[in-house]
Amino acid sequence: MSDGEPNMSTGRKTALSENTLFGMGNPLLDISAVVDKDFLDKFGLKLNDQILAEEKHKVLFEEIVKRNKVEYHAGGSTQNSVKIAQWMIQKPHKVATFFGCIGTDHFGEILKKKAEEAHVDAHYYEQNEEPTGTCAACITGDNRSLVANLAAANCYKKEKHLDLDSNWELVKKAKVYYIAGFFLTVSPESILKVAKHASDNNKIFCMNLSAPFISQFFKEPLMKVMPYVDILFGNETEAATFAKELGFETDDIAEIAKKTQNLPKENNKRQRVVVFTQGKDDTVATVGEKVTMFPVLNIDQNNIVDTNGAGDAFVGGFLYALVQEQDLEECIRAGHYAANVIIRRVGCTFPEKPDFH
């Protein structure tokens, strides 16, 4: 996964420095509550879907905060992942950097505080035209339906933030980059600038298919970035939608992974790696010319509290091993561990210390 042999033989991990991992995305405050099927039907929500809020969902946000057990957690897909990576790393602090846009309001202050507590080096672009973005996580049993009201997150501006010398210096310091596909709806030009930098300097750029609607409605910006993607993540539903949109004419997940790996690529020094998770089923990954299945950790159904954040956590664990130049198998093992921890808890939250060996 790196040019040099990963530092595996000694069993020692590469010493990490600040800002080695860079993430950019939509910082959202998750508002999660347990709801019933009637609630989902009322707002036309599907189980296990992720959508952007429309006018008709405005009332949903007003209603969900009135539920008896409502919890607020710092969220946003990319921010969750870099936070989990930093949690797995523990020390040094601030190995993970995060960029995104928030409002100058109470929710924005919460996000700043939570990023600081997680020891992530967050540099938010703060503006006062839109309030901080929120995401309603409607939990029903072990399913979750997410409705994101991007608001401020949608106001990220390349020239107002990413292009500033002090911020671009932080981008240049990184060796591994991760941006969820969700950010394609906000600032594709920011993604391209980071992706090209990674490619030109033979660094690792990772991306996520994130949700079916990204492949369906943001296919053009997605495919503009694809040649720069070294590692692509997604789940089985997203993979199937992506394959359909690209006319792969197969619903075999291993074949989809292979065809995705073979899409055009700028930096030929790194072969693209494609990793598709499938909930409790095996994770599918391209390893060289082959496609390999990696079983997830067993978990008793009764221990699953909330699958919200499982995909983000998998990526976070993966990135933790990746920044230490571990091999693919180890990256997936770390991803499976992190996801297993997260689904036992509400929201994308974690215990004080990891127990990963």
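**View 1. Ala-33 and Val-70 across a pair of strands in the predicted model**. Ala-33 stands opposite Val-70, a residue of strand S4. Strand S2, which covers residues 28–34, is joined to S4 by 6 bridges. The two strands S2 and S4 run antiparallel.

**View 2. The open sheet that contains S2 and S4**. The sheet is built from 5 strands, arranged in the order S3-S8-S7-S2-S4, and its pairing is mixed. Its edges are formed by strand S3 (50–52) and strand S4 (70–75), each of which pairs on one side only. From one strand to the next, the twist averages 20°.

**View 3. Helix H3 against the sheet strands S2 and S4**. Helix H3 comprises residues 77–89 and lies across both S2 and S4. Relative to S4, helix H3 runs at about 75°.

**View 4. The surroundings of Ser-210**. Ser-210 is located in the loop that links strand S10 (204–208) to helix H8 (212–217). Its relative accessibility is 5%, and because buried residues are those under 20%, Ser-210 counts as buried. Leaving aside residues up to four places away in sequence, Ser-210 touches Gln-50, Ala-180, Gly-181, Phe-182 and Glu-238.

Technical notes: Residues are numbered from 1 along each chain as its sequence is written. This is a predicted model: local features need pLDDT of at least 70, side-chain atom pairs count only at pLDDT 80 or more; totals for chains, interfaces and linings use all residues. Side-chain values use heavy atoms; hydrogens and water are left out. Helices (H or I, at least four residues) and strands (E, at least two) are DSSP runs, numbered from the N terminus. Buried means under 20% relative accessible area, exposed over 50%, partly exposed in between (1.4 Å probe, protein chains only). Contact means heavy atoms within 4.5 Å. Two strands pair if DSSP finds at least two bridges between them. Axes are lines fitted to C-alpha atoms, for helices over the stretch in contact, and angles run from 0 to 180 degrees between N-to-C directions.
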